[in-house]
Amino acid sequence: MKKKLVSVLLTAAMGASLLAGCGQQAADTTQTSEPAQTTETTETAPATETTEAAPEASAEVDPAAYDGKEVKVWVAENVVDFTNEQIEAFKTAYPQYAGVNFTVEAVGEGDAAGNMITDVTAGADVFGFAQDQLTRLVTANALEEVNPDYLSAVESANSAGVVEAGKVGGTLYAYPMTADNGYFLYYDKSVVTDPSTLEGIIEQCEAAGKNFYMDMTGWYQVAFFFGTGCQLTYDTDDQGNFTGCNVDYASDKGLVALKKMIEVASSSAYQAGSSAGDAVNYAAIIDGTWDADTVKSVLGDNYACAKLPTFTGSDGNTYQLSGFNGCKLLGVKPQEDEDKLQICDDLAYYLTSEEVQLARFNAVGWGPSNLNAQASDAVKANEALSALAEQFAYTIPQGNYPGDYWTRAESLAGDVKDSFQKASDEDLTKALEAYQADLESYAK
């Protein structure tokens, strides 16, 4: 649907209203990731300016055309108040929308897609969601493509990985909002003086009598397999059914990954887990930004963060631990009323702008996808987000995975710790073949 260009982002007014109003989570039925308390796909922000240039204003805008229109917005509970404040600032920047009735409701990014698909008509007009739900939403006709008038500005202002995460078939269907769901290394710098290699981290932890925590179940397990170059993705049809599995774990590179997992699990320092709140006596843990405060409280002045380390495989080659990355996107529901669609697009653009992303970071700690916001002193000073941003260069966006995958991956993690410890390469190869066959069977 062609959209009317009827409004403009008033940069000066927006900045002023943001300053006045800045006082102040991705899971689905398929189990996606760690709790999205804060959360990528991020790339290191360049030093150059990347200004979000809004389209020029229409010469004739009649506020009466918008008076009384109803716009429903769904956001996570912890940003409801923040979003209400920003909508007031938005109405100042876009005075033609002063008479629009905006309603903000608490619906988390993990629930929004399921609710929208169940009843698109009753769903929100503007809503936040986790990137792995994009295909389902597009299939359900619950997403309008990004306003063409804003497309160039959105694509140039945000990290490329998040922009790609919002696309289906090359079309951008959502506005990038965050880049902060993934995992990296927290470590005690008084114990781990060199966090660059997995072998070195484990050796230093063993020498100090400290624990090294790493989860080897589904979300974290791919760090090894993707690190050696393996793939695991699923294809879906228009109804969201899994129709194909692209996997090559039963291969030489899969064997390298599995053998490294077994080696790590055999260390006296190794502990299975990724929750800092449950970890004890640790000098290193692979976790996400949501546990930053917990780790800080334990490590104190020795608190440090880094991207995931490299490791040396059984073939003598060096590999970089990889993994999934995730982000939050802001979607706009298709509208029959073009005036209402314009309001929704303008609001989505505003709520994902550089200034609002930075204000949201300051208010609740969500990591920006906007390159300039990422380059701000405040964001760069956040050790966890900086480490995650560096790690995102080695990860892939998490797509849709069957629920059975997550269950089956847990059993493999258990075998790595127990029955695989003394297995031969031949036995491990057979185990990988059986594992791959199971993963393929989940796509009917």
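**Figure 1. Salt bridge between glutamate 88 and lysine 91.** In this predicted model, glutamate 88 and lysine 91 form a salt bridge whose closest N and O atoms are 3.8 Å apart. Both residues belong to helix H2 (residues 80–93), where they are 3 residues apart, about one turn of the helix. Glutamate 88 counts as partly exposed because its relative accessibility is 48%, between the limits of 20% and 50%. The structure holds 12 salt bridges.

**Figure 2. Salt bridge between aspartate 438 and arginine 408.** The closest N and O atoms of aspartate 438 and arginine 408 are 2.7 Å apart in this salt bridge. The pair links distant parts of the chain, with aspartate 438 in helix H17 (residues 425–441) and arginine 408 in helix H16 (residues 403–417), 30 residues apart. Aspartate 438 has a relative accessible area of 28% and is therefore partly exposed. Arginine 408, at 18%, is buried.

**Figure 3. Salt bridge between lysine 430 and glutamate 426.** A salt bridge joins lysine 430 to glutamate 426, with 3.7 Å between the closest N and O atoms. The two residues are separated by about one helical turn because they are 4 residues apart in helix H17. Glutamate 426 has a relative accessible area of 54%, so this residue is exposed.

**Figure 4. Aromatic pair of phenylalanine 90 and tyrosine 350.** The count of aromatic pairs comes to 28. In one of these, phenylalanine 90 and tyrosine 350 are edge-to-face, at 5.4 Å centre to centre and with 65 degrees between the planes. Phenylalanine 90 lies in helix H2 and tyrosine 350 in helix H11 (residues 338–351), so the contact ties together parts that are 260 residues apart in sequence. Phenylalanine 90 is buried, with 0% relative accessibility; tyrosine 350 is likewise buried at 0%.

**Figure 5. Aromatic pair of phenylalanine 224 and phenylalanine 311.** Phenylalanine 224 and phenylalanine 311 form a tilted pair, with centres 5.9 Å apart and 55 degrees between the planes. Because phenylalanine 224 is in helix H8 (residues 218–227) and phenylalanine 311 in strand E14 (residues 310–312), the pair ties together parts that are 87 residues apart in sequence. Both phenylalanines are buried.

**Figure 6. An aromatic cluster and a lysine over a ring.** Phe226, Tyr234, Phe242, Phe324, Tyr401, Tyr405 and Trp406 form one aromatic cluster. In a separate view, lysine 328 lies over the face of tryptophan 366, at 4.0 Å from the ring centre.

Technical notes
Residues are numbered from 1 along each chain as its sequence is written. This is a predicted model: local features need pLDDT of at least 70, side-chain atom pairs count only at pLDDT 80 or more; totals for chains, interfaces and linings use all residues. Side-chain values use heavy atoms; hydrogens and water are left out. A salt bridge is a side-chain nitrogen of Lys or Arg within 4 Å of a carboxyl oxygen of Asp or Glu. Buried means under 20% relative accessible area, exposed over 50%, partly exposed in between (1.4 Å probe, protein chains only). Rings of Phe, Tyr and Trp (its six-membered ring) pair if their centres lie within 6.5 Å; planes under 30 degrees apart count as stacked, over 60 as edge-to-face and the rest as tilted. A charge sits over a ring if NZ of Lys or CZ of Arg is within 6 Å of the ring centre and within 35 degrees of the ring normal.
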